[in-house]
Amino acid sequence: MKIKRILVSQPKPQTEKSPYFELAEKNNVKIDFRPFIQVESVPTKEFRTQKINILDHSAVIFTSRTAIDNFFRVAEEMRVTVPDDMKYFCINEATAYYLQKYIVYRKRKIFHSTGKFPDLVDVIKKHKDETFLVPLSDIHKQEIPELLEKNKIKYSKAILYRTVSSDLSDLKDIDYDIVVFFSPSGITSLLQNFPNWNQDETIIATFGPATAKAVTNAGYRLDIQAPMPKAPSMTMALEQFIKQHNKGK
């Protein structure tokens, strides 16, 4: 049976140049997008129970745009005026530029890295006298606190948002040839929304080792794994599999 339909458990790309659209056209497959997880802001009342004072910190570490949105949301709701001399350390340049939504960019002390947290820590180490606030989701990479502690960085971890399963009742069933996952939370959402789902011939594709492990831990069969040496991206891994699978069918 040829692969004809793919479900990607993420929002639909905003740009027409997405490699997913190119993949669909080149291989004559239909790709649907449906986020299996969503982000919910932690209410200010709940944040207060963490007993964190924003003004006790001289710098903020941002690992995503969502972290930026929720940091300034909480500050506004708590009527905290973020000082002009606050320093910002961002995971990459795009995240740093996103700060323009809330501050006058050129007048602030803003630093960014390459997209990898260990590289950002190298930047942070040059500012060891600062006290850092790290806005995060309830589900976050453990390397973040581990690397900060290892390098003796003074910091507070603030849980400002959480990752929750989306309501997928509109899907009725997972009637696709391939389903693509990018996080363990996506697998949790699948189990919560479709507790009686049987994989049968459905092909499961994952990105990253943690997601791959979540699939096997849930008792499912893992068919496509990325990144791999010959397929550093998910679309490349999918294309290689589709061409091999559909050959002669």
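This is a predicted model: local features need pLDDT of at least 70, side-chain atom pairs count only at pLDDT 80 or more; totals for chains, interfaces and linings use all residues.
Reader: Thanks. What does Lys-101 form a salt bridge with?
Author: Its partner is Asp-69, and the closest N and O atoms are 3.6 Å apart. Lys-101 sits in the loop between α4 and β6, while Asp-69 belongs to helix α3, so the bridge ties together parts that are 32 residues apart in sequence.

Reader: And is Asp-69 buried, exposed or partly exposed?
Author: Asp-69 is partly exposed, because its relative accessible area is 24%.

Reader: You mentioned α3. Which of its residues are buried?
Author: Ala-67, Ile-68, Asn-70, Phe-71, Phe-72, Arg-73, Val-74 and Ala-75 are.

Reader: How does the span of α3 fit its 13 residues?
Author: At 1.5 Å a residue, α3 should span 18 Å, and its end C-alpha atoms are 18 Å apart, which agrees.

Reader: What follows α3?
Author: Arg-79 does, and its phi is positive, near 55 degrees.

Reader: Let's look at the inside. How many residues does the largest nonpolar core have?
Author: It has 25 residues. Ile-54, Phe-62, Phe-71, Phe-72, Tyr-88 and Leu-99 have the most contacts inside this core. At least two core residues each come from β4, α3, β5, α4 and β8, and α3 gives the largest share, with 6 residues.

Reader: What does Leu-99 touch?
Author: Not counting residues up to four places away in sequence, Leu-99 touches Phe-62, Ile-68, Phe-72, Tyr-88, Cys-90 and Ile-110.

Reader: I keep spotting rings. How many aromatic pairs are there?
Author: The count comes to 12 aromatic pairs. One of these pairs joins Phe-71 and Phe-72 edge-to-face, with 4.9 Å centre to centre and 85 degrees between the planes. Both of those residues are buried.

Reader: And why is the pair of Phe-89 and Phe-111 called stacked?
Author: The ring centres of Phe-89 and Phe-111 are 4.6 Å apart and the planes are at 15 degrees, so the pair is stacked. For that label, the planes have to be under 30 degrees apart. The pair links distant parts of the chain, 22 residues apart, with Phe-89 in strand β5 and Phe-111 in strand β6.

Reader: Where do those two stand, buried or partly exposed?
Author: Phe-89 is buried, with a relative accessible area of 0%. Phe-111 counts as partly exposed, at 23% relative accessibility.

Reader: Which residues form one aromatic cluster?
Author: Phe-62, Phe-71, Phe-72, Tyr-88 and Tyr-102 do.

Reader: New topic: where is Phe-36?
Author: Phe-36 is in the loop between β2 and β3, and this residue is buried, with a relative accessible area of 0%. Leaving aside neighbours within four places in sequence, its contacts include Leu-7, Val-164, Leu-168, Ile-174, Phe-181 and Leu-190.

Reader: Back to charges. How many salt bridges does the structure hold?
Author: There are 12 salt bridges. In one of them, Arg-5 pairs with Asp-32, and the closest N and O atoms are 3.8 Å apart. Arg-5 is in strand β1 and Asp-32 in strand β2, 27 residues apart. Arg-5 is partly exposed at 30% relative accessible area, whereas Asp-32 is buried at 19%.

Reader: What else does Arg-5 lie over?
Author: Arg-5 lies over the face of Tyr-176, at 4.3 Å from the ring centre.

Reader: One last thing: what do Glu-239 and Lys-26 do?
Author: Their side chains meet in a salt bridge, at 3.3 Å from N to O. Glu-239 lies in helix α9 and Lys-26 in helix α1, so the pair ties together parts 213 residues apart in sequence. Glu-239 counts as buried at 16% relative accessibility, and Lys-26 counts as exposed at 52%.

How values were computed. Residues are numbered from 1 along each chain as its sequence is written. Side-chain values use heavy atoms; hydrogens and water are left out. A nonpolar core is a set of buried Ala, Val, Leu, Ile, Met, Phe, Trp, Tyr and Cys residues joined through side-chain atoms within 4.5 Å. Buried means under 20% relative accessible area, exposed over 50%, partly exposed in between (1.4 Å probe, protein chains only). Helices (H or I, at least four residues) and strands (E, at least two) are DSSP runs, numbered from the N terminus. Contact means heavy atoms within 4.5 Å. The expected span of a helix is 1.5 Å times one less than its number of residues. Rings of Phe, Tyr and Trp (its six-membered ring) pair if their centres lie within 6.5 Å; planes under 30 degrees apart count as stacked, over 60 as edge-to-face and the rest as tilted. A charge sits over a ring if NZ of Lys or CZ of Arg is within 6 Å of the ring centre and within 35 degrees of the ring normal. A salt bridge is a side-chain nitrogen of Lys or Arg within 4 Å of a carboxyl oxygen of Asp or Glu.
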